[in-house]
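Good morning. Please look at the sequence and the model first.

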Amino acid sequence: MRAKYFKHRHWTDFSKDTNDIGRPLFWPKDNEDNHFLYRLYDKQEPEFPAFYQYHLDDFLKVYPDGNEKEFFTHVWEIIDDATAELKVKNRYTSRHAMEFKNKQHLKSFLAYLKTIDQWNTGRTKDEIIADKEGEIRSLKEQNAELKEELKAARKLETEDFINIQEGYLLTVVDLAKKMQGLELNGKELVFSQTQTVWTKMICKNFRHGNKEIKFETIRRYFPGNPDEPSGRSAAVPTKSQLFQIVEAKKRSL
């Protein structure tokens with residue numbers, strides 16, 4: 001048990017707005033838990049985090065060997081004990097309204113503490129086990145979903161590939177680029193949000209002279225903005241543009 005857990009008000013400090021506990025001049029330091037509660041009752045819910053952190057920082061500064069778990073547990077016990085006391089208070093007294101208000105205030109602060117509780121301080125073993133079992137069920141469901149997604153993805157995987165005759169890689173690149181310019185019924189025949197997908201398609205599904213095609217080799221022919229290519233982009237040389245894609249003549253029935 002530490003000598004103190006909270007930052008005490010200096011005996012010459014008469015300010016009304018403070019996070020320090022205690023009163024000006026002299027007060028019994030052994031009752032600092034009651035003074036902590038008194039100061040807490042004066043704080044609004046949005047002030048709870050700053051109030052807690054203020055005293056935690058001071059505690060860690062005063063006790064280098066201390067840690068937040070120790071401080072948190074001490075605060076939790078004070079709030080838990082005070083709440084339990086208020087629950088058994090006589091309802092039919094002149095202090096009931098104030099005691100009820102204080103009880104609700106402590107519940108609010110306890111709710112805040114639960115949001116930062118890293119140590120399951122106020123939870124029973126059954127509650128912890130139930131949560132863990134819930135997490136395990138959720139993870140199993142996610143695992144099953146991922147397995148199904150992987151199974152579906154593997155259906156599209158293949159060890160086979162389309163081989164491009166040696167020396168004609170850019171001819172295939174040119175055909176891919178020309179496909180993007182085709183229209184049918186006033187609309188693009190093929191469309192992609194990005195140009196990268198064309199690079200990935202060629203590198204993944206084709207080989208050049210039975211050799212893997214490097215991503216960097218192809219990417220510069222598919223600039224992000226074809227209308228305004230960057231200095232690192234490149235056009236397919238005329239000598240590699242060996243084919244034209246033309247619309248087939250309509251056959252009469």
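Helices (H or I, at least four residues) and strands (E, at least two) are DSSP runs, numbered from the N terminus. The model is predicted, so local features need pLDDT of at least 70 and side-chain atom pairs count only at pLDDT 80 or more, while totals for chains, interfaces and linings use all residues. Residues are numbered from 1 along each chain as its sequence is written, and side-chain values use heavy atoms, with hydrogens and water left out.

Now the largest pocket. A pocket is an open set of points on a 1 Å grid over the protein atoms alone, with protein on both sides within 12 Å along at least five of seven lines; a 1.4 Å probe fits at the points, and lining residues have an atom within 4 Å of a point. The volume of the largest pocket is about 360 Å³, where volume is the space filled by probe spheres set on the points. It has 17 lining residues, and the closest to its centre are Asn34, Leu37, Tyr41, Ala82 and Glu85. Helix α3 gives the largest share of that lining, seven residues. At least two residues come from each of α1, α3 and α4. The lining divides into seven nonpolar, three polar and seven charged residues. Here Ala, Val, Leu, Ile, Met, Phe, Trp, Tyr, Cys and Pro count as nonpolar, Asp, Glu, Lys and Arg as charged, and the others, Gly among them, as polar.

Next, α1 and α4. At what angle do the axes of helix α1 and helix α4 cross? The axes of α1 (residues 32-41) and α4 (residues 96-116) cross at roughly 90° and come within 10 Å. That makes α1 roughly perpendicular to α4, a label for angles of 65 to 115 degrees. Leu37, Leu40 and Tyr41 of α1 meet Asn102, His105, Leu106 and Phe109 of α4, contact meaning heavy atoms within 4.5 Å. Five of these contact residues are nonpolar, two are polar and none is charged.

Finally, arginine 2, in the segment before α1. Arginine 2 counts as buried because its relative accessibility is 19%, and buried means under 20% relative accessible area (1.4 Å probe, protein chains only). Leaving aside neighbours within four places in sequence, arginine 2 contacts Phe59, Tyr63, Asp65, Gly66 and Glu70.

How values were computed: Axes are lines fitted to C-alpha atoms, for helices over the stretch in contact, and angles run from 0 to 180 degrees between N-to-C directions. Angles under 35 degrees count as roughly parallel, over 145 as roughly antiparallel, 65 to 115 as roughly perpendicular and the rest as oblique. Buried means under 20% relative accessible area, exposed over 50%, partly exposed in between (1.4 Å probe, protein chains only).
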